[in-house]
Amino acid sequence: MEKLLDVRNLRTSFFTSDGEVRAVNDVSFHVGAGEVVAIVGESGCGKSVTQMSVVQLVQSPPGRILGGEVIFEGEDLLKYPRKSRKMMSIRGAKIAMIFQEPMTSLNPVLTVGSQLSEVIRTHTGARRKDAWNSGIKALESVGIPDPERRMKSYPFEMSGGMRQRVMIAIAAACNAKLIIADEPTTALDVTTQAQVMELLLSLVKERGTSLIIVTHNLGLVTRYADRIYVMYAGKIVESGTTRDLLTEPKHPYTAGLLRSVPRLDAQKDVDLVPIKGSPPNLAELDWRCAFLPRCRCALEGTCDKLKQPVLAPAGEREHFAACHLLTEVSEND
Amino acid sequence: MTDLSVKNSTPLLQVEGLHMSFPAGSGIASKKHAVVRAVDNVSFTIEEGKTFGLVGESGCGKTTVGKCILRVYRATGGKIFYMGTDITGLPDKQFNSFRREIQLIFQDPYGSLDPRQSVYSILKEAIVCDGKRHSKEQIRARVNELLGLVELAPAMSGRYPHEMSGGQRQRLGIARALACEPKLVVCDEPVSALDVSIQAQIINLFKELQKKLGLTYLFIAHDLAVVRHIADTIGVMYLGHLVEVMDAEKLYTSPVHPYTRALLSAVPITDYDVERSRRREVLQGEVPSPINAPSGCPFHPRCKYATDVCRQTMPELRDMGDGHFSACHHPCTGAALQQEQTAQG
Amino acid sequence: MANKAKRRRPEALNVFFGRGILVKLCVGILAAFFVISIFGSWLTPYEPTAIDTSNTLQGPSLAHPFGTDALGRDVMSRLISGAQVSLLTSVLSGTLAAIIGITIGLIAGYFGGVINTVIMRLVDMVLSIPALVFAMVIAFILGGGVPSIVVAIGFTLIPTYVRMVNGLVAGLRENDYIVAAQIIGQKNRRILFKHLFPNCFPSLIVLYTMNLGTAIMMEATLSYLGIGIKAPQATWGNMVSEGYDYLLLNPWLCFVPGVMVILVVIAFNVVGDGLRDSLDPRLRGKL
């Protein structure tokens, strides 16, 4: 598959009073055309910052992209300054973004229609009237009833699901090549969640748009993703196709996450196996494996003596995991 | 000693036809215009030592039910029996004797802790609020005991909420509730604000505490998988109504209300093979505003089985046998269910 | 309050003084002024009301470090004597207003409903009268002298506290920890003073220090208008207003007491900010 987005060795840090926080520490991932990729991790693992770095929207200061490449359609986006015309034209148009709380990405004092048609005008150069009409069409295409009336309403007059649809409509109207959805359904109800996800997926199917889902929700990922990257403490610890990663997780963290989530269809008396401790503070990481303090499988004398593990092949079909148990132990055997 | 036999037969909590209406809009001009019926004719019982799960989407009234039981809101109708006593009509003075026996665990552990109090001071406050005299040593011992119950180190007692992780804060919230020696604990979305890897820790803690202390839970959450895991009986709410009540085991296997079925279908299962072979049913439309709730069955505008009956009359909760109740004119049972399954295959 | 905090959290004091030289300096200034105002009558080099017509409007000299005024009175002696009245009236009236205003505000904010509406409308009524006019009326009714000035200024400051506390409490009341306190069976009175008051404290300390400045100014105006402290007794306020007439002839007369007022107000503000931060456990870790 052709790579639409290829991120290589991306590093982003925040410089705070507590010192350097390596939110994104040497992260590489890629997204093919028409592919649905999920970045999974808990709060503070750097999954959102990674995506913000891709479009150079990391707040600076304190954040700074320190290195790496973000190759989108064959061009390294990091070569362009964040406020350059090139980045402006890519952000929001070729790469659309959908956030957890759509209220913050829509201007509360402007009507939905004026915001929608403005985006269409800037990215397609259409006339005011045409842009308004394509706005109506866009709203219709995302299943918003009575789109003419909705164009004239304000964001606060809409429900959360409806606002998220507007964001998707904007992405669709601009013919986005890639949609980055950061926790797109976390603030929504279960049934609305399904509606919004199906809508995003139909965009992928019909137009060949690529989709990055950034989430902590394993269920969402199981249902919709083609490939998964699992992030922990600023690094990708495991990656692979959804099937491989979920059926044969190779990193203890991935396996632990799967065991700690209650399953709707499980036997009632099956106990959950939690991961002990809590996610680490990124400012207090040491040189060893970041998951070590919480790992059930850590080998004494191996894991606590070695530097942070790097991604290594862990199976067929591009399955990688960063764990000493995979590399060191199997070599010794 | 005759009391004992009575105690065994009366459930710990019995909610009968609970109503809670709020005036819609505020100010003098709009007074007595519309009312929002946040909770409409809700009835259920919880036996001592059991867990009743209340699920539903936001705005369905599940939190309001909890707050009525806790008397944060005064119910506008219906009765709440706690150990056989109707607590809805009790004057505040008399309710105080039950006050501490019904406790609440909050969704947002940080917001429920006073940022200016240390762990010790938070727990001490909850201990001494019973109005009895406590010596310093007694308080110290009790604080340590409580911290032990929720698996926090005694050294934590000098910390402040902002110095703790989300999971630790929720443990502290649980310890505060336990300090009151409650019988009934209302858990309002107690894990939804926590990290995935922490949720399981807290869920397991709830189960352990129930075993150790014989607690009874009213577990309110939107996450069906979590509720099913912890609850014995589950009630599904929609727009202020209880639409289905059943054994937790049955939630996945044999729900009969179309809303419950749609809700289940919307929740992914974290197993690749199972999930990818499931039939996805996406419910159309959104939950209507409770200010102008639909006539008849509240679910009819989104229901694919809806008929004229549904548009006109509100279905009652009917016994489907085996402690399974459903409020639907066209429950998906027997023939209807088989038809659907063959259509699926 | 400060004493209690010290006992419970010894580190609060360290943080307070660890904030740097400015806080120490300002605590020093306030301490010095309080010592001066208490022992003032022994410290004055001259009798503050002694008129010396042969030495009027003199500049600073060894005999008169801050010069003399139009009647030949020693400015330094009058400053020391005035410190007593000015600090006393401002601190007393500020504290009086704070105690009454905060209590009313807490009750109005916490219980809401009719009590809140009635109290807030009363406050609006008081606020609609210009503060100075209000103070003048009270001072006039009570007659002159320090106690009546304290009451007059104190009363005009009460609504500012009620307003602020009421607003803060209305916001804080929605917090889950207030609900939590109710559910564990905490008494209303304890919720008010254990949870709501400490969480209002940061904003209140700022208002309190601001009000001290206002009180000094108001005392000056009242004295200038002749309703306040009677003429021969020096206060910083009436020294400024008297000196104003000779601004071009001898600017010292106006500047020196003016600078004193500014110094005290700034010192109160810095100490207030320091207290606010050191009493907040969330800010204590950071300097």
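1. Strand β3 (residues 36-40) of chain A runs parallel to β8(A), and the two are joined over 5 bridges; strands are DSSP runs of E with at least two residues, numbered from the N terminus, as helices are, which are runs of H or I with at least four residues. Pairing here requires that DSSP finds at least two bridges between the strands. Within this pair, A:Val37 stands opposite A:Ile212 of β8(A). The model is a predicted one, in which local features need pLDDT of at least 70 and side-chain atom pairs count only at pLDDT 80 or more, while totals for chains, interfaces and linings use all residues. Residues are numbered from 1 along each chain as its sequence is written, and chains are lettered from A and ligands numbered from 1 in the order in which they are written.

2. Strand β7 (residues 178-182) of chain A also pairs with β8(A) in the parallel sense, over 5 bridges, and A:Asp182 has A:Val214 of β8(A) as its bridge partner. Between β7(A) and β8(A) the chain passes through α8(A), and this β-α-β crossover is right-handed, meaning that, with the strands pointing away from the viewer, the path from the first strand over the helix to the second runs clockwise.

3. How many residues of strand β8 (residues 210-215) of chain A are buried? The count is 6 of the 6, so the strand is largely enclosed by the rest of the structure; a residue is buried if 20 or more other C-beta atoms, placed from the backbone, lie within 10 Å of its own. A:Ser210, A:Ile212 and A:Val214 are buried on one side, and A:Leu211, A:Ile213 and A:Thr215 are buried on the other, which leaves both faces of β8(A) covered. In a regular strand the side chains alternate between the two faces of the sheet.

4. Chain A is divided into domain 1 (3-225) and domain 2 (235-332), with bounds from an automatic or database domain assignment, and the C-alpha centres of the two domains of chain A lie 29 Å apart. Their contact takes 16 residues from domain 1 of chain A and 10 residues from domain 2 of chain A, where contact requires C-beta atoms, placed from the backbone, within 7 Å. On the domain 1 side, the largest share, 8 residues, comes from β2(A).

5. Between the chains, 39 residues of chain A are in contact with 37 residues of chain B. The elements of chain A that give two or more residues to this side are α8 (190-207), α9, α10 (242-247) and α11 (252-260), and the largest share, 7 residues, comes from α8(A).

Methods. Two residues are in contact if their C-beta atoms, placed from the backbone, lie within 7 Å. A residue is buried if 20 or more other C-beta atoms lie within 10 Å of its own, exposed if 12 or fewer, and partly exposed in between; C-beta atoms are placed from the backbone.
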